[in-house]
Amino acid sequence: MRLSVRLESIAYATPDIREYTFVRPDGAALPAVSAGSHVDLHLPNGITRSYSLLHADDAPKRYVVGVKRDPNSRGGSQFMHEQLRVGTLLELSTPRNHFPLVESAPHSVLFAGGIGITPILCMAERLTLLGASWELWYAVRSRTDLAFLPQLVRFGERVHLHVDEEARAVLDMAAIALQAPLGAHFYCCGPGPMLAAYEAACAGRDPATVHLERFGASAPVATGGDGFVVQLARSGIELRVPTGATLLQVLVENGVAVDSSCEAGICGCCEIAVLEGEIDHRDEVLTPSQRAANKSMMVCCSRAKSERLVLDL
């Protein structure tokens, strides 16, 4: 489902991060947002990009996202920073959450790196509202990279800032994890090297308590594997997906409209329900239990283990 929204305001969070606020043109409330949620933003240049929401609410009047200009932009952040103007009407998806907060945890340890602060800030706000126990460690390369400080300072001593240039070292997440109380849940969103260090730091923990969200793929999309047939249940059309091509590519080439963004299995934008067949999951979004359920797949990267899949398209 898509929502029609208007860009209400743009504000600077850092020299290369901007805060974008969207509202419904009629002023009505938007669908509920849970901490860790993101939306797919359908830009006027035809590109779709996924961005985490900064605030959670049952009936929000505004959706706010933070967007960092990527020097290697494929047209998303560059377009937003250079061409998107206040007053522009565009479309957003309803919120989805592949990085949910476990609100019943006895303690939560939040790690953020750079623009990864966006979903983590949302979690900190929610935990504060619940009166829960938590701490936040926010790491950046230089002090000019610190975003959303006015919001963060409200949390007092629960927020710890780490500036690599000043500390002359990266954040020691292993030491922090060792000091965390039994039963704590861990969350991290940041660049690839930080996530690798985070996974190493939490390797001895119960996997069910270790959560992360990527904004870059950990490895290139693998298109190897046997070809397979996909049937579109609503039309009855059958298509062949050969070795070396992704299911998304085949769908698009045959005129089947599918939303997509990262094309690397990390955003969840292209998730499609699967009615029959066994899936070869290659994404970095679905949990082990969701994969085992065999109910949906990311068509940008995942393939079939069976000779045939039936999609709810």
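Proline 25 touches Ser4, Val5, Arg6 and Leu89, leaving aside residues up to four places away in sequence; contact here means heavy atoms within 4.5 Å. The structure is a predicted model, in which local features need pLDDT of at least 70 and side-chain atom pairs count only at pLDDT 80 or more, while totals for chains, interfaces and linings use all residues. Residues are numbered from 1 along each chain as its sequence is written, and side-chain values use heavy atoms, with hydrogens and water left out.

Proline 25 is found in the loop between strand 2 (17–23) and strand 3. Helices (H or I, at least four residues) and strands (E, at least two) are DSSP runs, numbered from the N terminus. With a relative accessibility of 47%, proline 25 counts as partly exposed; the classes are buried for under 20% relative accessible area, exposed for over 50%, and partly exposed in between, with a 1.4 Å probe and protein chains only. Along the chain, proline 25 and leucine 89 are 64 residues apart, and their C-alpha atoms are separated by 8.3 Å. Leucine 89 is also the bridge partner, in strand 6, of arginine 6. Strand 1 (residues 2–14) and strand 6 run antiparallel and are joined by 5 bridges; two strands pair if DSSP finds at least two bridges between them.

Strand 6 (residues 89–93) also pairs with strand 3 in the antiparallel sense, over 2 bridges. In this pairing, histidine 42 stands opposite glutamate 91 of strand 6. Strand 3 (residues 38–42) is mostly covered, as 5 of its 5 residues are buried. His38, Asp40 and His42 point one way from the strand, whereas Val39 and Leu41 point the other way. An antiparallel pairing over 5 bridges links strand 3 to strand 4 (residues 48–52), and aspartate 40 stands opposite serine 50 in strand 4. The hairpin of strand 3 and strand 4 has 5 residues between the strands, and glycine 46 in this hairpin takes a positive phi near 90°.

In UniProt, an unreviewed entry places the feature "domain: FAD-binding FR-type" at residues 1–102; UniProt positions are given in the numbering used here, feature names are shortened, and annotations may be inferred rather than shown by experiment. The span of residues 1–102 is 6% helix and 40% strand, and its end C-alpha atoms lie 26 Å apart.

Helix 6 (residues 192–201) has Met194, Leu195, Tyr198 and Ala201 as its buried residues. Seen down the axis of helix 6, these residues fall within an arc of 120°, so they line one face of the helix; the arc is that of the directions from the helix axis to the C-beta atoms. The face turned away from the buried side carries the exposed residues Pro193 and Ala200. The buried residues of helix 6 pack against strand 7 (108–113), strand 8 (134–140), helix 5 (173–179), strand 10 (185–190) and strand 11 (210–214).

Arginine 214 lies in strand 11 and is buried, with a relative accessible area of 15%. Residues up to four places away in sequence not being counted, arginine 214 touches Leu195, Glu199, Ile266 and Glu284. The side chain of arginine 214 makes a polar contact of 3.5 Å with the side chain of glutamate 199, and another polar contact, of 2.5 Å, joins the side chains of arginine 214 and glutamate 284. A polar contact is a pair of N or O atoms within 3.5 Å; within protein, one must be able to donate a hydrogen and the other to accept it, and residues adjacent in sequence count only if both atoms are side-chain atoms.

A disulfide is taken as a pair of cysteine sulfur atoms within 2.5 Å, and by this rule the count comes to 0 disulfides. Cysteine 202 is in no disulfide, the nearest cysteine sulfur being that of cysteine 188, 8.1 Å away. Cysteine 202 is buried, with a relative accessible area of 4%. For cysteine 269, the closest cysteine sulfur is that of cysteine 267 at 5.0 Å, too far for a bond. Cysteine 269 counts as buried at 8% relative accessibility.

Positive phi values were also found outside glycine. Arginine 168, in the loop between helix 4 (164–167) and helix 5, has a positive phi near 55° and counts as exposed at 79% relative accessibility. Asparagine 294 has a positive phi of about 60°. Asparagine 294 is placed in the loop between helix 8 (288–293) and strand 16 (296–298) and is partly exposed, with a relative accessible area of 21%.
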